[in-house]
Amino acid sequence: MTDRLRVRPLTGEEVADIYERCVTFLSTKGVRVDHQRCLEMMHKAGAQVDFTTNQLRFPRDIIEAAIRAAPRSYIFAARGGRPDMVLPHPKGLFYSRTGTGGRSYIEPATNTYRDVSLADVAEVAQLIDVLDGLDICAYPTPRDMPEATADIHALKVLFENTAKHIMLQNYSGESLEYQLELAVVMAGSKEALARRPIVHTLTGCLTPLVLQDVFAETIIKTCEYGVPMGLSSLPSAGGTSPVTIAGTVFIAAIEILTTLVITQLIKPGLPVYGFPITFAIDMMTGRNRQSSAESILMAASAIQFVKEALKLPAHTYGFGTDGYIPDAQAAIEATLRGAMISSAGADILGGAGQLNVATAISPIQLVIDDTIAPVLRRITGGVKVDEDTLAVKDIWDTVPGSHFLERTHTLKHCREVLRTDLLSTQSREVWTAEGSKDLFTRAREKYQELKKTKMRPQPVPDEVRREMEKIVKHADAHMVK
Amino acid sequence: MASYEELQQGVITADEGKVEDLVRQLLAAGNNPLDIIARGLTAGMAIVGQKMKTGEMFIPEVLASAHVMAKGMDILKPLVGDKLSSIYIGKVVFGTVQGDIHNIGKKIVSMLLESGGFVVIDIGVDVPAAKFIEAVKREQPDILALSALLTTTIPRMKEVIQALSSANLRDRVRVMVGGAPVTQSFADSIGADGYAPDAVLALERAKQLLD
Ligand code: B12
């Protein structure tokens, strides 16, 4: 048995070649870091810093020591008695993560767009909490809160409405500090948060090849709190990176390796993962795409690189569409992307519920992606081959022309067959009698049912709630002009 | 003999050597440099603009044509002297607002504006209102273009427009806004003069703003 179904877009030699080119690039040319304190920290740690051009270079030994220093395995914690998530997944599978940052909410009843409100954030969080196929929660950005603190307000509401692990996305260095303080209150203490991180943060680069202020701040603060961090790179092929698949993978590899080395120089052993989020610009319209054939293949290749060359857990969009509403295009693109990315070995498939190139969130799409996730998990799980699964004895005993329905072997294994409640398994007659409902209608009904029967806020102790309110008030007082 | 049609073709196919040769030949044959520009180079670029709108040409091809047109211009510029300003249809100061570092959308729009005959001064990302005001004073552009990609930074656009008013510059410059979270109704609500959802329409809108 292979432990997992694998698609390897690159050969081992190609992975090694890209890695060697990254090392050559980072040791001779390097990247620009627009953050004085970070440059000073790097200088102290032995990296080469040109303080006149802000160019940062790493010799090979520092790069290789950083790769060795990063932990191979660690946990994401959740609350409410949910089990910790071990990365990489112990069964070689993946975790799923919902869409981030989207500013638009797609109305379930009408498929129309409107601005996200704080109430929507609460609703989406409650929905994510009850959808078992979804593991990690990210959040849309409320428009009815002050801009400077919208992400802080959103995080508080997430804590109040889901117990799942949360991926933070900060809009400034200062707002991250407040978000991490909220997480400390939720976890009980700074130590408890580092021990069982109920959140993790994201850093990245200003592609191409600049570590910009906000990302340096995020790295420094995350190292201070000791929670895990995603090292992202968001190249847009043809725009901020080469138009070719390999060229975009190369840029993403350089950027991820850069933030990997910086984090491990500041805090050796900080849990990190590689997060290549590759887009491709449509050369005719200039619109970015996340689920074109090229962007999917770039992401799959970059995931392979992160796993094999950097030996880190890897995350990218495994869902999401360039389409505008939950429709056939959304289903095709999310499924294609998911199948390819999960087979490429990603540990986290992100972007569930997101549409319009990561700018909108839809409860209906969340319900649909929650259905796709277990199917992908089942397929990626691969085939187990042994005496029992081959049913050797049963096949020897088979009378030609008989059947297997009554076999003990069938009885023993019949619950292993994956069923989803949303994809049709009834006869067409039953389907017609029930109103000939298409997938989207069924998803909408499931959402309405969950809303009525299951979706509810999390129990949060009064004291914790008060502490969180204090932090948010403080943020509003200090950050809102 | 070299013709304006051939020169237009040279621009459309982005054939640098051909365009430079043809410009020299047309000059040698006694044609007026301003005619070579108008009937050859910019006429070719106008066809490119059409082909971009219909999707026949891709953005990098349009940019290559614009680059080749500029090469032809380089030969003619010294000959037309101060009549040169009439070649450019307008000037744009362009920046991404404070707190926002997204820049590729701005770059694409800038380049297409340039290809359409605008001079664009790109003042970068994370630009505070004061720096926009400074640039408007210094460059005296026809259009001030603002980009923002975050819902948390689009309010800065309104602040730039207010700062223009405070500096008594509002009636001297047309303001165009764009970026993924920007909509026509948002643009209207902050008193911007123009908005476009993508680069192709941005060029069209910018031209309209000059009328
Ligand atoms: C690539 C990207 C980045 C890159 C940008 C690299 C670069 N060099 O530009 C990086 C990694 C730096 C980045 C950072 C962040 N990003 Co970002 N990013 C994107 C992404 C995926 C694509 C943007 C892009 O480049 N599009 C391609 C260009 C060609 O399109 P465009 O910019 O829309 O421009 C077109 C039109 O809008 C128009 N246009 C643009 N400007 C103008 C101006 C005028 C005058 C006119 C007329 C027209 C016009 O024409 C252009 C061409 O057609 C978007 C998602 C999305 N689909 O928009 C998220 C997105 C915008 N980012 C988002 C977020 C949250 C962030 C971060 C906060 C994340 C973080 N903490 O890590 C930081 C912000 C830091 C900061 N302070 O700015 C969110 C925003 C949500 C919100 N509330 O609005 C989005 C929507 C993604 C998401 N769902 O999370 N990002």
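This is a predicted model: local features need pLDDT of at least 70, side-chain atom pairs count only at pLDDT 80 or more; totals for chains, interfaces and linings use all residues.
On chain A, V383(A), V385(A) and L390(A) together make a nonpolar surface patch of about 280 Å². Of these residues, V383(A) belongs to the loop between α12 (363–380) and α13 (392–397) of chain A. V383(A) is classed as exposed because its relative accessibility is 58%, above the cut-off of 50%.

Chain A also contains an open sheet of three strands, arranged in the order β14-β16-β17 with mixed pairing. The edge positions are taken by β14 (236–237) and β17 (288–289) of chain A, each of which pairs on one side only. Between β16 (residues 279–281) and β17(A), the pairing is antiparallel and comprises two bridges. At the residue level, A280(A) has R289(A) of β17(A) as its bridge partner.

In chain B, N32(B) occupies the loop between α2 (16–28) and α3 (33–53). With a relative accessible area of 39%, N32(B) is partly exposed, since this value falls between the 20% and 50% limits. A polar atom of the N32(B) side chain lies 2.8 Å from the backbone nitrogen of L34(B). The C-alpha atoms of N32(B) and P128(B) are separated by 45 Å in space, and the two residues are 96 residues apart in sequence.

Methods. Residues are numbered from 1 along each chain as its sequence is written. Chains are lettered from A and ligands numbered from 1 in the order in which they are written. Side-chain values use heavy atoms; hydrogens and water are left out. Patches are made of residues with over 30% relative accessible area and no salt bridge: like charges are joined within 9 Å, nonpolar side chains (Val, Leu, Ile, Met, Phe, Trp, Tyr) within 5 Å. Accessible areas come from the Shrake-Rupley method with a 1.4 Å probe; for residues, only the protein chains shown count as cover. A salt bridge is a side-chain nitrogen of Lys or Arg within 4 Å of a carboxyl oxygen of Asp or Glu. Helices (H or I, at least four residues) and strands (E, at least two) are DSSP runs, numbered from the N terminus. Buried means under 20% relative accessible area, exposed over 50%, partly exposed in between (1.4 Å probe, protein chains only). Two strands pair if DSSP finds at least two bridges between them. A polar contact is a pair of N or O atoms within 3.5 Å; within protein, one must be able to donate a hydrogen and the other to accept it, and residues adjacent in sequence count only if both atoms are side-chain atoms.
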